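Below is a short report on one chain.

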Amino acid sequence: MTMFQQLRERFLHPGDEFSPVPFWFLNGDLREEELARQLRDFAHHGVQGVVLHPRIGIPSSLTYLSERFLALMTFAVREAAALGMWVVLYDEGMYPSGSANGQVVRENPAFAARGITLRDGCVSPGDGERVVARLALRMTGEDALDPAGTRLLSPDEKALPGERAVTLLEGFTGGTIRGIHEDEDDGMPNAPRAADILNPEAVQCFLRLTHERYWAAMGSYFGTTIRAIFVDEPCPTGRCVGSEVRAWTNGLEAMLPEVGLTLRDLPALWLDAGPETQRVRSAYDRLIALRLGQAFYAPIQAWCHAHGIALTGHPAHPDDIALEQYFDIPGQDLVWRWVAPENGLSLEGPESTQALCAASAALHRGRARCADECFGCCGPQGRQWAFSVSDMLFYLNWLFARGVNLVFPHAFLYAADTPVRFGDRPPDVGPNNIWWPWYGRIARYIASSCALLTAGQARQPVTILTGETALPWALASRLYRRQIEFTYLERSLLREQVTVEGGELRIQSQRYRALAVEDAGLLDDPAIRAKLALFRAQGGLLLVPGQDGITNVDAMADALEARGLRTLQLHPATEQVRVLSRDCGDVTLYELVNEGDAAWTGTVLPPRTGDCALFSPWEGTVTSLPLTERGYPLTLPYRESVFLAVDASRSAMTAPVAAPPALLPLPLPLRWRATWPGGRLDPAPLGDWQTWPGMALYWGEVCYHTDFTLSQLPDALLLDLGEVRDLACVTLNGHEVDALLKPPFTCALTPHLRLGENRLTIRVLSCLESRYGHAPCPAGLFGPVRLLVEAPPAD
């Protein structure tokens, strides 16, 4: 097959590895027959993989990792295997990872999470505590010090007059994790104790209690049905810990020189040390990441490799890029609507870097897949069960445009029958939501997109230099708006793995022609400076604040555009479209994502033209596009993505592109009547049905009925429902026409029209916020509803 044929086949028939792999919240009274039924239901709706996630709501009679618990997990794996599905094991009960639902600490109380605090005076240690250091500080204000005046105190030494004596005291944090039983949540007395995951012995205990038990119970499925284990945001202190506590473990001070710190620097973790504050806190973050990698991630990754599976999941923070090196499938966590279409949150702030954090880590380590756990608590304005298909598509496309090609939807609920179960980080985005009958469309959208995003090689021309954490986002936001592709490059990789050849920075398949540095402090390493000097001498573009007229990130973006590094040209120009490309030999694949609040229509002109095909994941279609003077004509719907496959080895199809015909509304009055279980309203006004008499907080469905008469049949008739909350099923003359899951709520009525009277029914399903959130939430057919026909050609 040609490359184009391979891409077409990959798109239309994606393999099971590209399926959405939902977090299956095992949160109820687990029974074999129900586990099997739900797995069959998932497979029927296009879901070919699951994460087995023990979750709060499991009865207290079922102990985590007990013989019965493991028998149920093994049953689920066996049923998945029989269905041809695959499984990711989840390593905790419930999260964050590393404590085995408190069993690590129950086995050895000394393995409880530890931290360090700054105490006034010369404090004596209590049970389980240790003095790390006593210091004398020269204070310049209530919470500010002169770091040059900090002294270490010997055990019997006292501070001098004018100095402030403090003690760095290590001890148990009292941190917990969220457990799987109803009395084990945050703040509850039975919340499981968090383990000290900076302690290698505690981590070995965790591996023995968790991973070895899974291996003993279902090892025959490892490497086949079971493909990975998921690590979820490990936190060294545990949850519910005071803000004065910093992560620590016994003997950690011995590693301070590795990040350029001494004990005298540490008070700057709590106090203002002037210009030194940021240096110390950044170095401390590197210290914890370094220790966490050595003590926790590396042993777990090694265990996974020894047992034939991959390690996936995500670190605790959206920009923990250094820790992504331990994941065979690097990942992140899109949660709490910290990324959102509103208020600039899709492009600004630390969370806006998370998807590219995982994608960059994968690219620079030669890993084909990168993942995201997504949708948890992402409902609008805190109304989690008001999350819509349109919201889902925004998040999916946001991830795809940044290179994510494995999706872990959060979550499918085993049970949604109690407030604890349906209220745990909602919503359900699968079987307990209104779109489940049509979820196959969503599953196909995800699988087709992920299949294409795994084809060929990424070829971003620009990279932004970063440290181990705190990825810069200001320049990134400008580059997204200008359709300039880029990645994040860790300075450790630049120093140790990047080579300079032909004016390019090379690592794995990447060939960077430009490097941007927002923080000049990242260039303090002489080896890095020498490498970049060579890069520049060979013609590479190096952008550093204060050099070559670069005064700010806008000047950087201008310089990159002037160098011709925009991926493609859009006419009219727009800041709402994101672009990602893949080099597939003769074919270049371009994904275009609409992150704006309206459709975009124009032309797309890539650097090389040729035979072009449009892949539409939502429609599941492949169509040819002609080449016009300005490029390939395209309409990119609201919150959708498409792919253009351009084969430069084949001539483009050229043809004049006629403007789409104008649409005119038929002057037909539409009088609506409404019915719902136990009620009817005639006439029924369009708008929020919760304002109708007796309908406050009503959720579910309402059918809107109307009749219209045609004296002649038009060539085409389009139905435009206007605004719908939340989805609509259209029936005409008894024929099901379409299910409209997202804006625009339009469909063609032509095939089922008849002369004379036509009966139109719109079944509207509301979101479930009023059911589970017990709060008002607009619902219904809002309109305006129009019947549209093509305007006659002009004379």
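The mean positions of the 69 positive and 93 negative charges of the chain lie 1 Å apart. Lys and Arg count as positive, Asp and Glu as negative; His and the chain ends are not counted. Each charge is placed at NZ of Lys, CZ of Arg, CG of Asp or CD of Glu.

This is a predicted model: local features need pLDDT of at least 70, side-chain atom pairs count only at pLDDT 80 or more, and totals for chains, interfaces and linings use all residues. Residues are numbered from 1 along each chain as its sequence is written, and side-chain values use heavy atoms, with hydrogens and water left out.

The C-alpha trace spans about 105 × 70 × 55 Å along its principal axes. Of the 795 residues, 59% are buried (under 20% relative accessible area, 1.4 Å probe, protein chains only).

The chain holds 16 helices and 44 strands. These are DSSP runs, numbered from the N terminus: helices are H or I with at least four residues, strands E with at least two.

Six strands build an open antiparallel sheet, ordered β17-β26-β27-β32-β29-β30. Two strands pair if DSSP finds at least two bridges between them. The edge strands β17 and β30 each have a single partner strand, so one side of each lacks a neighbour in the sheet. Inside the order, β27 and β32 pair in the antiparallel sense over seven bridges. Tyr590 stands opposite Leu644 in β32.

| Strand | Residues |
|---|---|
| β17 | residues 457–458 |
| β27 | residues 587–594 |
| β30 | residues 621–625 |
| β32 | residues 641–647 |

Notes. Buried < 20%, exposed > 50% of the residue type's maximum accessible area, 1.4 Å probe, protein only.
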